[in-house]
Amino acid sequence: KKECNLAKLSFKSPQLNYRAEIVDFLTSVCKHLDISVGTRHSAIRLMDYFMDGHNVMYYRLRLMSLTCLLIAAKFEEPDDCLPTIDMLQYVAQLQDSTNSYSRHEFQALELYILKYFKWNISHPGTVHFINYYVQISMEDACQDLSQWERNMLESQVLEFSNYFMESALRDQSFLHYKPSEVAAAIVCVARICS
């Protein structure tokens with residue numbers, strides 16, 4: 001139901017040319033901080049919708065993406081794994097020494113983003129549907145398989161699903177579809193490849 005309430009993206013953001021660069025940046029930050037795939041996908045989804053409604057200056061794109069990551073982490077990560085502003089500042093400077101953002105900048109932008117979304121940011125993304133679809137698709141496909149065979153097949157389907165999900169995340173053309181539709185297509189292709 002929440003997915004049906006998602007606004008359509010207009011794809012008029014002048015920052016679309018930098019989307020792949022920012023996605024790669026966030027991927028690197030998440031790997032460095034050991035942040036979950038679900039959090040990264042949620043952050044990128046927030047970033048896409050925020051950029052669609054704002055003209056973010058190039059030198060502020062990384063701050064905006066890190067702030068979206070901070071917000072997404074508060075919803076997706078366990079409390080003991082939450083990145084702090086200090087951690088994000090440190091990683092941003094590791095990536096590029098010109099990325100120097102103050103605590104105040106993070107906090108002000110976090111509040112601005114939350115107000116833009118009217119504090120309603122918990123929408124399901126592709127990653128949230130993948131595990132569910134894999135589990136459901138395995139029930140029918142694995143009835144005659146041993147537990148070991150079922151585990152191997154499920155592992156392969158998840159591996160292919162993750163690969164295709166990462167490809168879809170980087171390609172902005174997938175933003176035209178609902179997350180559940182993208183997830184269904186990914187699991188379908190992953191099952192064919194397995």
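Modeller: We shall discuss cysteines and then helix packing. This is a predicted model, in which local features need pLDDT of at least 70 and side-chain atom pairs count only at pLDDT 80 or more, while totals for chains, interfaces and linings use all residues. Residues are numbered from 1 along each chain as its sequence is written, and side-chain values use heavy atoms, leaving out hydrogens and water.

Biologist: How many disulfides does a search of the whole structure find?

Modeller: A disulfide is a covalent bond between the sulfur atoms of two cysteines. The search, which requires a pair of cysteine sulfur atoms within 2.5 Å, finds 0 disulfides. For Cys68, the nearest cysteine sulfur, that of Cys30, is 12 Å away. The sulfur of Cys81 has its closest cysteine sulfur in Cys30 at 13 Å, too far for a bond.

Biologist: Is Cys68 buried or exposed?

Modeller: Cys68 counts as buried because its relative accessibility is 0%; buried means under 20% relative accessible area, exposed over 50%, and partly exposed in between, with a 1.4 Å probe and protein chains only. Cys81, at 38%, counts as partly exposed.

Biologist: At what angle do helix H3 and helix H5 pack?

Modeller: Two packed helices are described by the angle between their axes and the distance between the axes. Helices here are DSSP runs (H or I, at least four residues), numbered from the N terminus. H3 (residues 61-76) and H5 (residues 103-116) pack at about 70°, with axes 9 Å apart; axes are lines fitted to C-alpha atoms over the stretch in contact, and angles run from 0 to 180 degrees between N-to-C directions.

Biologist: Which residues in H3 meet H5?

Modeller: Among them are Cys68 and Leu70 in H3, while those in H5 include Phe106 and Leu109; contact means heavy atoms within 4.5 Å.

Methods. Helices (H or I, at least four residues) and strands (E, at least two) are DSSP runs, numbered from the N terminus.
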